[in-house]
2 protein chains.
Amino acid sequence: MDGVILTSLKQIHNQKGDVFHAMKKSDNGFDGFGEAYFSTINKNDIKGWKKHTEMTLNLVVPVGEIEFVIFDDVVNDFLNVRLSQNNYHRLTVRPNLWMAFKGIGDNNMLLNIASIEHDPKESVNLELDEIAYEW
Amino acid sequence: MDGVILTSLKQIHNQKGDVFHAMKKSDNGFDGFGEAYFSTINKNDIKGWKKHTEMTLNLVVPVGEIEFVIFDDVVNDFLNVRLSQNNYHRLTVRPNLWMAFKGIGDNNMLLNIASIEHDPKESVNLELDEIAYEW
């Protein structure tokens, strides 16, 4: 899907604890640093839909498992990606795509490394049932 | 301690899951974005000592509880900070300070938003017993 990049990330295992890469400024999909925040999502709950008009999202799931659904309303195309420590990738979502996400595990947390700081004026929201998707 | 900033961070509670702030580019302690990575540490294990000569660390603990100890070898001063979701702060550590950290909870994870990309040439390591500290 145009505007979406899925990048495999390195996990470095160590006896005392592991290191999980998230993002380097030289990585594909890095459109600048504006803000980093965590979002948790309860099992079976869904947050969305939201479309950013300026922000590039870079999403990593260090805890649990989260199902992301991206919807391109220009070509009417859906993309579904599940991320977790066992399927450890970074999901880059460029502006003008709709996104929603669902908690799959018992405890689920994403990190978003966003290209700009939070600005309510650059995003639009729809209720879950306003975009038809079989969750 | 010079070169250390402890900043309270916002937690936004929501029925479906929470949002935990980590860092904005306009925040105090932001010295540029080089790389973001997670590090886990087992209960009672200690990683360290390490001193960076160029990197500013910005440390947040979204999972578990981690005890950080910072040592300034110029003035022979120690600083001890425990971070967790219940004591949710960002710990900024500027270059030329020694740091080690210990896992306190059953599962512990930190996010480091580092000002430069990983470069083994800009950090030095000491064994745990080479800096006397009562863990």
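How many salt bridges does the structure hold over all chains? The total is 16, where a salt bridge is a side-chain nitrogen of Lys or Arg within 4 Å of a carboxyl oxygen of Asp or Glu. The model is predicted, with local features requiring pLDDT of at least 70 and side-chain atom pairs counted only at pLDDT 80 or more, while totals for chains, interfaces and linings use all residues. Residues are numbered from 1 along each chain as its sequence is written, chains are lettered from A and ligands numbered from 1 in the order in which they are written, and side-chain values use heavy atoms, with hydrogens and water left out.

In the interface, 37 residues of chain A are in contact (heavy atoms within 4.5 Å) with 37 residues of chain B. The two chains bury about 2900 Å² between them, 57% of it on carbon and sulfur atoms; buried area is the accessible area (1.4 Å probe) that two parts lose on being put together, summed over both. On the side of chain A, the residues losing the most area to chain B are K16(A), F33(A) and F38(A), which together account for 26% of what that side buries.

Two salt bridges are counted between chain A and chain B. The side chains of K24(B) and E35(A) form a salt bridge at 3.2 Å, N to O. E35(A) is buried at a relative accessible area of 3%, the classes being buried under 20%, exposed over 50% and partly exposed in between (1.4 Å probe, protein chains only). Strand β4(A) and strand β3 (residues 19-24) of chain B run antiparallel and are joined by five bridges; strands are DSSP runs of E of at least two residues, numbered from the N terminus, and two strands pair if DSSP finds at least two bridges between them. Within β3(B), H21(B) is the bridge partner of Y37(A).

Inside chain A, R90(A) and D27(A) meet through their side chains in a salt bridge of 3.0 Å, N to O. This pair links distant parts of the chain, 63 residues apart: R90(A) lies in strand β9 (residues 89-93) and D27(A) in the loop between β3 and β4. R90(A) is buried, with a relative accessible area of 0%, whereas D27(A) is partly exposed at 23%.

A further salt bridge joins the side chains of D119(A) and K121(A) at 3.5 Å, N to O. Here D119(A) is partly exposed at 22% relative accessible area, and K121(A) is exposed at 74%. Salt bridges with shared partners also connect E65(A), E67(A) and R82(A) into one network.

Methods. Helix = DSSP H or I, 4+ residues; strand = E, 2+ residues; numbered from the N terminus.
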